[in-house]
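Me: Could you walk me through reading a few features of a model? I would like the general idea before each case.

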Amino acid sequence: MAKHGDDAENVSNQSPDESAAIPQEGVPADSTGEAAAGAAGSGAEGDALSQAEDILNGVEVTAEDSVAQGSSVELAAELKNDLLRLQAEYVNYRKRVERDRAVAGEMAVIGVLNAVLPVLDDIDAARQHGDLTDGPFASIAVKLENTLKTYGLTRIDETGVAFDPTVHEALIQQPGEGLDIDTVSQVLRAGYRTENRVLRAAQVIVAVPA
């Protein structure tokens, strides 16, 4: 009985660390440490696998992003080419419309000028007969001719110039002295032209070299 009391006293006098180090019955001395180490190792292994999986997932996402970015770049380049092509087509269309509009305006002016040519012939005939030397009708005739000049109408009525079949219509030919080329000697009816077009050729008498 005394011995049992001594053992109890010895146990009570041990420090907490020493008492914790005493193995319990039925439990190996290293089993607790191995369990803790296993738990720590499994946690570290799990963290490593998670990190590796995250890295792999990140690589896969980056690859997908690269493919998507490449597709976006190709799509943007294709859309840019389409835009440039549409812009070029629009520029060509606008130039064609402006050119057609200019041609239409020129043809309208030419139509009006051709309609006025008989009136100008009457004015010339009246001048030749002395009917427009003075008075209000002479002033009106001058204003009309000046107005038509603003639309580019010019007369073809020069004499002593070389005969040009593009602006002259030869009605009579007569021999001329001291001439090297066919020359307009007299204008029977004046011609008219604009900057780019001959509206009517002048009817003339042509002197040819003898």
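Reply: Happy to! Strands are DSSP runs of E with at least two residues, numbered from the N terminus, and two strands pair if DSSP finds at least two bridges between them. Here, β1 and β4 (residues 191-193) run antiparallel and are joined by three bridges. Before going on, note that this is a predicted model, where local features need pLDDT of at least 70, side-chain atom pairs count only at pLDDT 80 or more, and totals for chains, interfaces and linings use all residues. Residues are numbered from 1 along each chain as its sequence is written, and side-chain values use heavy atoms, leaving out hydrogens and water.

Me: Which residue in β4 is the bridge partner of Ile156?

Reply: Gly191 is the partner of Ile156.

Me: In what order do the strands form the open sheet?

Reply: The order is β1-β4-β5, with antiparallel pairing. The edge strands, β1 (154-156) and β5 (198-200), each pair on one side only.

Me: Is Arg189 buried, partly exposed or exposed?

Reply: Buried means under 20% relative accessible area, exposed over 50%, and partly exposed in between (1.4 Å probe, protein chains only). Arg189, found in strand β3, counts as partly exposed because its relative accessibility is 29%. Leu188 also lies in β3 (residues 183-189) and is partly exposed, at 40%.

Me: What does Arg189 touch, beyond residues up to four places away in sequence?

Reply: Contact means heavy atoms within 4.5 Å. By that rule, Arg189 touches Asp121, Arg200, Ala201, Ala202 and Gln203. Arg189 and Ala201 are 12 residues apart in sequence, and their C-alpha atoms are 8.8 Å apart.

Terms used
Helix = DSSP H or I, 4+ residues; strand = E, 2+ residues; numbered from the N terminus.
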